[in-house]
Amino acid sequence: MTVPDKPPTSPEVAVIGASFAGLFAAAAANRAGARVVLLERDALSEDTTERPGVPQGGQPHVLLHRGLEAIEGLLPGLRDELVAAGGVPIDSGDMAWLSPDGWLPTGPGLQEFVSLSRPLLELLVRRRVLALPGVELRTQARVHGLAPADGRWRLRLADGPELAADTVIDAAGRSSRLPHWLADLGIEVPEPTTIEAKLGYATRRYRSRGARPLDVGILIGATPESETGALALPVENDEWLICGAGFGARRPSRDSAEFQGYLRALCDPAVADLAAMLEPVGDVRIHRQTGNRRHGYDKARNWPAGLLVVGDALTAFNPVYGQGITVAACQAELLTPRLRTPLDARTTARVQARLARVADLPWSIATGQDVLYPSCEQDQTAAQRLMYRWTQRVNRLAAGGDASCRRTLNSVYHLMAPGTALFRPRIVGTVLRSLVAGVPAAAARPAVLDAVVPAESVSESTGPGSFPSVNPPPTP
């Protein structure tokens, strides 16, 4: 069938969804020289108003260092724009981080991230992308279906004429309708893999009453025994996002009167004490759509030419691990060299397979942790049990002050190193020696938390800095 000449106003690439995955994909396609149209179902404002299509917009979001690096490649200079807009640069080595094995040692020199609210981050990214020549945004544009026609794609819109494109990129997130559209086209894909630990989290925004008490965040990690944890991050305008998180029956409610009590019941009072020093802004916001879900589009035998899937529409993670934005940015990095010309079916399938592989490491991290919780119906696989025991030992050594283990864990968490980095000779040697010499005691409670002691603070029964270990180290 002869492909007709393309009208001069017809886009070459249509991106469904203008959240992070869609914006990054649009930037990548633009770098490839393509004309791009972004189709967004929400109405978008020129401020940081949260929008209906992002129900988790008021929750804390972490842009891991690998994601910051990838976005900087797509949109050079964005990191400095984030800081100029009020984002707080944080060396992750300075974070007050209570792991299952105790407080991790603090000190600069690890991976940097910039802490700011999701609405502000999305606004700044969108402005940069829409300033690119050849990128068009259409808001309140709902895509109802797509079909191949004359070697291209036709997208059916709820309001307005059909749209034609050489390539369609589905970045519609968890609400993607692509499985239904593929079924209408007779394309069979496997059922998605789902790992659900029933995590829920509740977040309240605060403002500083005077000088900001801290310039770093606090993380109290949940364990399968406690099933509760918390995160506090400084954001723009001298404000804070404080989040309590729990699994299963321990999920926090939206009741503002209960929120401080939920934080106070944690194994360390640091986050509760910080919240007591601050002034609440608004109500508590909850979010419970947190299951891990992975589509097997890369395994379809008759995957069509010119159709790609990225972001949460491909692989959605439990957001507590902060991986989604970074994975979407890394997937976009792959697109630029492959969108310079229309894709045939074989090339499309190869690209889709590579997009899926970007999620391999973060998927293993998120699901390997979630299956530990009683609220998760799935059990650990044999491989996950072995990996967990190894990582647990490395974490104990990191908590005990081993700098190499600390750096390696941090690099893997920020997706700057592969999971195999945990098996490098230096780490293996350290672990083996610890089987004879034992594991040092965990680091002391970070001194930076000495500033987080409001007058109304109540001493906890566990005592500052103490933390019940998930499993006590085995006797060497």
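This is a predicted model: local features need pLDDT of at least 70, side-chain atom pairs count only at pLDDT 80 or more; totals for chains, interfaces and linings use all residues.
- H8 covers residues 324-335, and its first and last C-alpha atoms are 17 Å apart, close to the 16 Å expected at 1.5 Å a residue.
- In soluble globular proteins, nonpolar side chains tend to be buried together.
- Here, the largest nonpolar core has 71 residues. Phe24, Val125, Val129, Leu155, Ile169, Leu178 and Leu335 are the ones with the most contacts inside this core.
- Which helix gives this core its largest share? Helix H1 (residues 20-31) does, with nine residues.
- A second, separate core has 28 residues, including Ile90, Met95, Leu219 and Ala222.
- Find Phe24 and look at what surrounds this residue: beyond its neighbours within four places in sequence, Phe24 is in contact with Ile71, Leu74, Val125, Ile325, Ala328, Ala329 and Ala332.

**Arg66 in helix H2**

- Arg66 sits in helix H2 (residues 65-74).
- Is Arg66 buried or exposed? With 18% relative accessibility, Arg66 counts as buried.
- Setting aside neighbours within four places in sequence, the contacts of Arg66 are Thr326, Cys330, Glu333, His414, Leu415 and Met416.

**Val412 in helix H12**

- Val412 belongs to helix H12 (residues 403-413) and counts as buried at 7% relative accessibility.
- Apart from neighbours within four places in sequence, Val412 touches Leu361, Ile365, Ala417, Pro418, Gly419, Ala421 and Leu422.
- For a sense of scale, the C-alpha atoms of Val412 and His287 are separated by 27 Å, and the two residues are 125 residues apart along the chain.

**Helix H6 and its cover**

- In helix H6 (residues 256-264), the buried residues are Phe259, Tyr262, Leu263 and Arg264.
- What covers them? The cover includes strand E13 (199-207), strand E15 (228-235), strand E16 (239-247), helix H7 (270-277) and strand E17 (279-287).
- Look at the start of H6 too: there, a side-chain oxygen of Asp255 comes within 2.7 Å of the backbone nitrogen of Ala257.

**Strand E13 and its partners**

- Strand E13 is largely enclosed by the rest of the structure, because seven of its nine residues are buried.
- E13 and E16 run antiparallel and are joined by nine bridges. As one example, Ala202 has Gly244 in E16 as its bridge partner.
- E13 also pairs with E17, in the antiparallel sense, over six bridges. Arg207 stands opposite Glu279 in E17.

**A three-stranded sheet**

- Strands E12, E18 and E20 form an open sheet in the order E12-E18-E20, with antiparallel pairing.
- Strand E12 (193-195) and strand E20 (315-316) are at the edges and each has a single partner strand, so one side of each has no neighbour in the sheet.
- Three bridges link E12 with strand E18 (residues 292-294) in the antiparallel sense. Thr194 has Arg293 in E18 as its bridge partner.

**Aromatic pairs**

- How many aromatic pairs turn up in a search of the whole structure? There are five.
- One of them joins Phe247 and Tyr373, which are stacked, at 3.7 Å centre to centre and 10 degrees between the planes.
- Phe247 is in strand E16, while Tyr373 is in the loop between helix H10 (360-370) and helix H11 (382-399), so this pair ties together parts that are 126 residues apart in sequence. Both Phe247 and Tyr373 are buried.
- The pair of Tyr297 and Trp303 is tilted, because the ring centres are 5.3 Å apart and the planes are at 35 degrees.
- Tyr297 is buried, with a relative accessible area of 1%, and Trp303 is buried as well, with 4%.

Conventions:
Residues are numbered from 1 along each chain as its sequence is written. Side-chain values use heavy atoms; hydrogens and water are left out. Helices (H or I, at least four residues) and strands (E, at least two) are DSSP runs, numbered from the N terminus. The expected span of a helix is 1.5 Å times one less than its number of residues. Buried means under 20% relative accessible area, exposed over 50%, partly exposed in between (1.4 Å probe, protein chains only). Contact means heavy atoms within 4.5 Å. A polar contact is a pair of N or O atoms within 3.5 Å; within protein, one must be able to donate a hydrogen and the other to accept it, and residues adjacent in sequence count only if both atoms are side-chain atoms. A nonpolar core is a set of buried Ala, Val, Leu, Ile, Met, Phe, Trp, Tyr and Cys residues joined through side-chain atoms within 4.5 Å. Rings of Phe, Tyr and Trp (its six-membered ring) pair if their centres lie within 6.5 Å; planes under 30 degrees apart count as stacked, over 60 as edge-to-face and the rest as tilted. Two strands pair if DSSP finds at least two bridges between them.
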